[in-house]
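Please look over the sequence and the model first, and then turn to the notes below.

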Amino acid sequence: MQTVFSIGVDALAYGMVLFVISIGLSVTMGLMRVVNLAHGAFAMIGGYIASYAARDLGLAYAVAVMLAVVGTILIAIPVERLLYHRIYGQPELTQVLMTIGITFCVIGIANYVFGPTLKTIPTPDSLREPVSLGFRTVSAHRLFVIACGTAVALGLWYFIERTAFGVKLRASVDNAAMAAALGVKTEVVYAVSFAVAVGLAAFGGVVGAELLPIEPYYALRYMVTFLVVVSVGGAGSIPGALAACLLLGAIDTTGRYLMPEFGEFFFYLAVIAIVWIFPRGLAGRAK
Amino acid sequence: MKHVAIAALAAVLMGGVAHADTIKVGVVGPFSGPFALQGKNFKAGIDAYMALNGNTVGDDTIEVIYRDIPTADPAQSKALSQELVVKEGVQYLAGFYFTPDAMAATPLLEQANVPMVVMNAATSAIVTKSPYVVRTSFTTWQTSTPIAKVAFDGGTRKVISVVSDYGPGVDAEAAFKAGFEAAGGEIVEAIRMPLQTNDFSPIMQRIKDSGAEGVFAFLPSGPTTLGFVKAFNENGLKAGGVKFFAPGDLTQESDLPALGEAALGLTTTFHYAVSHDSAENKKFVEAAGKAIGNPAELSFPAVGAYDGMHVIYKMIEATGGAQDAAKAVEAVKGLSWESPRGPVTIDAESRHITQNIYLREVAKADDGTYYNKEVQTFEKQGDPGLAAAK
Amino acid sequence: MMALTMNTGTLSTARDRRARLTRDAIGVLVILAVAVLGYLLFPNNLALLTRITAIALLVLSLDLVTGYCGVATLGHAALFGAGAYGAGIAAAHFGITDPIAMLAVGVVAGALAGLVSGAVVLRAHGLPQLVLSIAIIHLAHEAANKASGWTGGSDGLAGIMPDAVFGLWQFDLWGRTAYVFGIVLLIAAFVVLRQIVRSPFGMLCRGIKQDPLRVRAMGASVHGTLIRMYAISGAVAGAGGALNAISTQVVGLDSLSFTLSAEALVMLVLGGTGSLYGALIGTLSFLWFEDVVSAANPFHWLTIVGALLIAVVLFAPKGLYGSLAALIERRGRKGR
Amino acid sequence: MSAIFDVRNLKRTFGGLAVTNDVSLSMAPGDRVALIGPNGAGKTTFVNLVTGNLLPNSGSVALGGEDVTRLGPTERVRRGLVRSFQVTRLFSEMTPEEHVALAILQREGRTGRMFASHRAMPDVMDEVHALLARLGIAHLARHRVSEIAYGQQRLLELALALALKPRVLLLDEPAAGVPQSDTARIEQAIADLPADLAVLMIEHDMDLVFRFARRVVVLAAGEIIFDGSPDAVTKDARVRQAYLGSYADARSVA
């Protein structure tokens, strides 16, 4: 029984890490309809900034996280204006080509600037302590990530469903021409959404770095994982993404506990099974 | 253009021209992609050797040509090796980080009359694929066998083996199992994890549940190692007194800054530590550190490459620059020298390197950096893997 | 009135046929010319050229399902790998070392893999479909890794020693035989595929890509048609895999990798989807470019490749061939 | 004459709301029936039930005496039930010639052929050109559909349906969205439809309905409230109620 709880905690923590990193991608893919394979690249940029701020400049963790989010958005703005701007509404394959190109460039530049070694983001002592849950100990950082995931989910839900901007965003998504006719500045809406998605990527990259360490190849290494959880959840849906992350996290964790030899099989067979049952993703909307 | 090509072709066909002006060495390795760091170390080792020993042997100038294979890709390795031999006219093939890449190129050697110096790929069987293969790195068997003895002598009797599910991981498991069971210990469980594992918590739970006193681990260096070691600490295994044994790939120096405190006290056996205390090594670390730019990125592939260049220089010396693979390989059989890692010999029979294997412990230096501290030496270790295969 | 139309119909049929044959002959001649040119210009680089040929078969095969049927997949290397391992295992474990026989095994293995992955991938559309294909390639990769007794696992499958082609031409160090073998295979595949994409079946596939509902309303089975195309695509990819196994005499797990699948897709989009020429041009230009820049700078070439991809999207959004064709068409119309 | 098309007691509910309720409709070869009804009457649902894109909760659909209720859309097409779309659904990258050839080949079960272009099949090409000529768009045979005018696309839509040689043809607002100048052509084409074909036209335009139909069926709130001659329809009290009342009752169900 204790083992079951223990696995449960691990599964929850892992699922939340996946959620925090992937949710930004769900925004770009579901709401902006851009297959953004460079999502991992932005998460990685966030990680590098945080690492540089916290480790090399010795700034506090919270400051480093803020800098990472803001810095990544600043870097992303010209990229959006110059490159992404050109692929809104283009065929998916064109978007794939462009965003893979961006990913390659970011990897190359990161490798050149920061070198190929792993970069850590020093966490404050309070997050490094093991915390006892009674039946087992778990690192405080894991609990922190779970909290972050919950906060992001709620915050984003509020932002999209309850704010005026959220209304404009959903209107622009459903019918850009109509929204524009109603006076919504779709250009601005897209730019802001993109910034939010990138900021979330950076945030996820930083808080998830304990599990997915920052190195130049990060951008490609985890791309598939992000893409899978977002699509399984149903792109654009926050509850869907959350459900997918928790479900896949649980399957992955349990599979790796029960039969580590076949861990990969578990995960991908589960993916096939879920998509088979929900061909539009867990919370998929009709096109 | 075409004439040059034909001339080069003729040169290859006729077994090379004595006293060629430039002798080319083709190096195949991962210079970009997820293993770029290891490829960078190849280059640093080669640059260091050439900086210290000059770029000429006799009248001949040595030129190194690099070709990139980001991840194991035997077909691409063969294509690039072929290109190096046929188009660039290299007399020596070297490098090879991954076993399949080395294996794929071995069928070319005899036909091309080119020796291959393996600077990393660590599966025992590579040297048996062609008489023209010489290896200056190590084998997983070679570095994993002594840690079994260390574990048993330290009083650990029950060990769980946890390795990544690919060739080297399986080798490491077999080597440790053979050594540990021969000594009288028990492997309570042997787990093979997929290479793509991000969260190691469930594995740690398995280790806990197995009731083992110690864990033997093998993973490819890089992000997975970091995740594994962190999970080992965070899940309370380290604090719970579970001993940790691994070959030195896990605590390679370039990963230590990231591993940091988590790695403190981990014991590994390996053929080379950057901290190795010898005049030869100081010279090497200085030169290689300069070559790589950031000395913290230096780790074991550099020394394999450095010694590989030594062997190639000796081969060129012996053949006088003529292309004669048989003669070149013959010349280095039994060759002994003082490497940065300690005394080494190319075993005449297997053409694999015989070397000391060191037991090391991750320690914190006065300046706050972490390093592998050598605490015990197993002298003149051959490759037990070849014997095991027979 | 009726007689008149019939007359013109028959006439135009005959004229069309001649025009088509001429165009095909030109296509074959161009491929042949490029092949001969490659042979003459880079006689020492035939291994690379052979590899390009093998990958070209993979990209052609991908074009069949992505370009002609609109199926999004990032797992197409499963078909290529099936062919490679099929041919390799036949040679290494069963002593089938005749290259033609190995090729046949590869084609069959590829077609079977095509049927299986088609059956799974066609279950969903859009992103979930992409994810199914990703799951397939990872499962295939893991399965091959697990079955190391057959596949050699991560060490690769070695010991493939193909006989001489027709007992006459040995596979040599310079890769001349392999190159000629590959080019002959590519041209054969090209000719067959030209027929298929123009046939009623190919037309139906193009229809499905544009509007599956409309096709259903015409009484045609969408799923059955796509599965058949997947099998054909598998046969072509399998031929590419077999060529790779025969020419390099080794098969590695990379041939079943996500990376190869993604690269194939990049090459296809680079060249332009929905046209066999686009697939060929995409493969040739990507691999050639990669070879040149990675040889020039083995350490930082990825950045340059990335920049190339971005540039193509910005300046040739329909792919290299697609944009060229569109330009020529525009010019032609202006001229008229 | 026996019924070629026979719908009996068709019922379909969405979340408890009956969108099609106990609808029965029978047609004989050569019938020209118009199906009309106010917005939200359930016409679209009815079409989807008949074509097999939706399954009914109860009731049956029969074609030429054969029960096809459980068959999918493609099977029904193969048995001679063909529809046209309210908004043209054509393959924008293909030519009219290719469209019609594809339909003919599909009808004859030859779309599985992989080694001969349709252009090398004189019988197919002759039929293609004859059909396109009949609808007056032969001169556009080799233009891409994306390049031809909407009115001509509607004609092609009709050609496509005819190429399948249907026994029952559902025309879903065949003239919708076509500029006034082109409607005459379309009407002419409809008037020229084969005499033995049973045609069910779903239409808003009452002028067109009166010119075309020999029988009118009115659907309102999921039920058939009128089935009779065009002359009688405007005089029917329930029809008047349904049309005028629909402005008061704004239930949106279709």
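The structure is a predicted model, in which local features need pLDDT of at least 70, side-chain atom pairs count only at pLDDT 80 or more, and totals for chains, interfaces and linings use all residues. Residues are numbered from 1 along each chain as its sequence is written, while chains are lettered from A and ligands numbered from 1 in the order in which they are written. Four pairs of chains are in contact, and among these chains A and C share the most contacts.

**Contacts between chains**

- Two residues are in contact if their C-beta atoms, placed from the backbone, lie within 7 Å.
- Between chains C and A, 32 residues of chain C are in contact with 37 residues of chain A.
- On the side of chain C that touches chain A, at least two residues come from each of α5 (126-146), α11 (258-271) and α13 (301-315) of chain C. Helices (H or I, at least four residues) and strands (E, at least two) are DSSP runs, numbered from the N terminus.
- By class, that side of chain C holds 25 nonpolar, five polar and two charged residues. Here Ala, Val, Leu, Ile, Met, Phe, Trp, Tyr, Cys and Pro count as nonpolar, Asp, Glu, Lys and Arg as charged, and the others, Gly among them, as polar.
- Between chains A and B, 29 residues of chain A are in contact with 32 residues of chain B.
- The side of chain A that touches chain B draws at least two residues from each of α1 (2-31), β2 (137-139), α12 (238-258) and α13 (263-277) of chain A. Of these, α1(A) gives the most, with five residues.
- The residues of chain A on this side divide into 11 nonpolar, 10 polar and eight charged.
- Chains A and D do not touch, and their nearest C-alpha atoms are 15 Å apart.
- Chains B and D likewise have no contact, with their closest C-alpha atoms 34 Å apart.

**Annotated spans of chain A**

- An unreviewed UniProt entry places the feature "transmembrane region" at residues 6-27, 34-53, 59-84, 96-114, 140-160, 188-212, 224-250 and 262-279 of chain A. UniProt positions are given in the numbering used here, feature names are shortened, and annotations may be inferred rather than shown by experiment.
- In the model, residues 188-212 of chain A are 80% helix and 0% strand, and the end C-alpha atoms are 33 Å apart.
- Residues 262-279 of chain A are 83% helix and 0% strand, with end C-alpha atoms 25 Å apart.

**Domains of chain D**

- Chain D is assigned domain 1 (1-80 + 166-254) and domain 2 (92-165), where the bounds come from an automatic or database domain assignment.
- The centres of domain 1 and domain 2 of chain D, taken over C-alpha atoms, are separated by 27 Å.
- Their contact takes 12 residues from domain 1 of chain D and 10 residues from domain 2 of chain D.
- Helix α6 (residues 180-191) of chain D provides the largest share of the domain 1 side, four residues.
- That domain 1 side has nine nonpolar, one polar and two charged residues.

**Helix pairs**

- Axes are lines fitted to C-alpha atoms, for helices over the stretch in contact, and angles run from 0 to 180 degrees between N-to-C directions.
- In chain C, the axes of helix α4 (residues 99-121) and helix α10 (residues 222-248) come within 6 Å and cross at roughly 140°. α4(C) is therefore oblique to α10(C), given that angles under 35 degrees count as roughly parallel, over 145 as roughly antiparallel, 65 to 115 as roughly perpendicular and the rest as oblique.
- The contact of α4(C) with α10(C) has 20 nonpolar, nine polar and no charged residues.
- In chain B, helix α2 (residues 36-53) and helix α10 (residues 279-292) pack at an angle of about 120°, with their axes 8 Å apart. α2(B) is therefore oblique to α10(B).
- Residues in the contact of these two helices include K40(B) and D47(B) of α2(B) and K283(B) and F284(B) of α10(B). By class, the contact has nine nonpolar, two polar and three charged residues.
- α11(C) and helix α12 (residues 276-296) of chain C pack at an angle of about 115°, with their axes 7 Å apart. Their contact has eight nonpolar, five polar and no charged residues.
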